[in-house]
Amino acid sequence: MIYGTIAVLIRGFCIDLTGKPQFVVYERAGQGKIPAHALALEIRLGESEEGTVGVIQKAYTAWKAEKSAAAGEVPLPSCAAVYTDGKLAALYWIDNDLDSARKRLTEQNDSPRAGTPAISGEVINAAERAAVVKNRVTLVTGGAQGIGEEIARSLAAAGAVVFIADLNLEGAQKLTDQINTIEQRTAALALAVNVADEQSVEAMFSAIAESSGGLDLCISNAGVLKAGSVLEQDLADFKFVTDINYTGFFVISKFAGRLLRLQHLTAPAWKTDIIQINSKSGLEGSNKNGAYSGGKFGGLGLVASFAMELVEYNIKVNAVCPGNFLDGPLWSHPEKGLFAQYLNTGKVPGAKTVVDVRAFYENKVPMKRGCTGKDLIRAIYYIVEQEYETGQAVPVTGGQVMLH
Ligand SMILES: NC(=O)c1ccc[n+]([C@@H]2O[C@H](COP(=O)([O-])OP(=O)(O)OC[C@H]3O[C@@H](n4cnc5c(N)ncnc54)[C@H](O)[C@@H]3O)[C@@H](O)[C@H]2O)c1
């Protein structure tokens, strides 16, 4: 049994008691003493996940009998101590938000908490839709810039903790620092990942489990675009795009699914989400851009298939299909952006400046503008809030692509 796995099971157990998000941070404890109020868990080496669930449940029943709580409240541990052969192996510090859990570790404060028991069917006021991510643990791959950056900023502003994972660790770290300064709390954490590399993705999910105790919302956003004619494009370029946009989503879903399934063992009623940032090019072809469009079409096949399989664990899998995000670097970068490229290659007939190119693309949209981060985050909140839908693609295209 590895420490991250136990963190996820403890988090799930506390979520199940309260119906609310929880955070778990752990420390290896060497030969230390078990804190007086800790939930003591004797876990044998090699214990199975199911066996560990039984240990947690039994230990909690005994622990609860000794603790008092006001009427209508349940006592909650703020520390769980795992020991093997009489020796303390690790301490897990638990609280409602990440900074409080970290403070408990620093102060070694194991005083028990109390929470209201979980009730199902909590009503969310539509005006406060962002509340669906408050205190949730979220992940945005490719979060260092562009669409991912917009999503990460919005999630943090809505009260979530967001792991910003990117090939560009420096960019992810810079954004994380900015967000934490704005939010005045640990709202973001940076991680390095290459979504096309299985080992890198597995290590990323282990790091998430070990630093927060689990995950509620995984946004698979990292993606690339290399346009090219079917008659000309190099196989290497085709594979590069496919590896990241299509295969990368499989790899992310594989390890996200494993983590969320584990959490489900102790939080069976808790719903979690995997959301792929797809594209309008996943709903209609894209001329001389087959690698991109094909990978995005395929992504929707994966979304629907994974949704069927993972529903058993209360994991929803959906996609958001944005129209052109014209303000992001992919389009607007002064040298490398698509506006500059399309101007230089004469792709837009009669265009003399990048402003003309932009106007051409805006005019393709019935709503006459590009997609923004605000448009996308609304779709994400909708998907998280909507408990009765999975395997779907939500278009956010200003009417450019209409479902038929
Ligand atoms: N920009 C648009 O108009 C648009 C429209 C529809 C959909 N999308 C989709 O939105 C997503 C984000 O696009 P964007 O425009 O913000 O792109 P972007 O190029 O601005 O940002 C992509 C981010 O992903 C990271 N990344 C690239 N390869 C990676 C890898 N292998 N592992 C981890 N991180 C990696 C990059 O470092 C970068 O930070 C993509 O999936 C894209 O297909 C974009």
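**Entry 1**

Which strands does helix α1 (residues 3–18) lie across, and at about what angle does α1 run to β5? I found helix α1 across β1, β2, β4 (79–84) and β5, running at about 40 degrees to β5. The model is predicted: local features need pLDDT of at least 70, side-chain atom pairs count only at pLDDT 80 or more, and totals for chains, interfaces and linings use all residues. Residues are numbered from 1 along each chain as its sequence is written, and side-chain values use heavy atoms, with hydrogens and water left out.

I noted the terms as I went. Helices (H or I, at least four residues) and strands (E, at least two) are DSSP runs, numbered from the N terminus. Axes are lines fitted to C-alpha atoms, for helices over the stretch in contact, and angles run from 0 to 180 degrees between N-to-C directions.

**Entry 2: the sheet of 4 strands**

I read the order of this open sheet as β1-β5-β4-β2, with mixed pairing. β1 (23–28) and β2 (39–42) each have a single partner strand and stand at the edges, so one side of each lacks a neighbour in the sheet. From one strand to the next the twist averages 25 degrees. Two strands pair if DSSP finds at least two bridges between them. β1 and β5 (residues 87–95) pair in the antiparallel sense over 6 bridges. In β5 I found Trp-93 opposite Val-25.

**Entry 3: the sheet of 7 strands**

I then looked up the other open sheet, whose order is β9-β8-β7-β10-β11-β12-β13, with parallel pairing. Its edges are β9 (188–192) and β13 (393–396), each with a single partner strand, so one side of each has no neighbour in the sheet. Neighbouring strands here are turned by 20 degrees against each other on average, direction ignored.

β7 (residues 137–141) and β10 pair in the parallel sense over 3 bridges. Val-140 has Ile-219 in β10 as its bridge partner. Helix α5 (residues 169–183) packs on the sheet and touches β8 (161–166) and β9, its direction making about 175 degrees with that of β9. Contact means heavy atoms within 4.5 Å. Helix α12 (residues 373–385) also packs on the sheet, where α12 touches β10, β11, β12 and β13. The direction of α12 makes about 160 degrees with that of β12.

**Entry 4: strand β11**

How many residues of β11 (residues 272–277) are buried? I get 6 of 6, where buried means under 20% relative accessible area, exposed over 50%, and partly exposed in between (1.4 Å probe, protein chains only). Thr-272, Ile-274 and Gln-276 point one way from β11, and Asp-273, Ile-275 and Ile-277 point the other way.

β10 (residues 217–220) and β11 run parallel and are joined by 4 bridges. Ile-219 has Ile-275 as its bridge partner in β11. Right-handed means that, with the strands pointing away from the viewer, the path from the first strand over the helix to the second runs clockwise.

On to β12 (residues 315–322): 6 bridges join β12 to β11, and the two run parallel. Gln-276 has Ala-319 as its bridge partner in β12. The chain goes from β11 through helix α8 (residues 290–310) to β12, and this β-α-β crossover is also right-handed.

**Entry 5: around the ligand**

I looked up which of the 28 residues around the ligand come nearest: Gln-145, Asp-166, Asn-221, Tyr-292 and Phe-325. A residue is near a molecule or strand if one of its heavy atoms lies within 4 Å of it. A side-chain N or O atom of Gln-145 is 2.7 Å from a ligand oxygen atom. For Asp-166, a polar side-chain atom lies 2.5 Å from an oxygen atom of the ligand. For Tyr-292 I read 2.5 Å, again from a polar side-chain atom to an oxygen atom of the ligand.

**Entry 6: two residues checked**

Ser-281 lies in the loop between β11 and α8. Ser-281 counts as buried because its relative accessibility is 8%. Leaving aside neighbours within four places in sequence, Ser-281 is in contact with Ser-286, Tyr-292, Ser-293, Lys-296 and Phe-297.

Asp-375 is in helix α12. With 15% relative accessibility, Asp-375 counts as buried. Its side chain makes a polar contact of 2.9 Å with that of Arg-369. A polar contact is a pair of N or O atoms within 3.5 Å; within protein, one must be able to donate a hydrogen and the other to accept it, and residues adjacent in sequence count only if both atoms are side-chain atoms.
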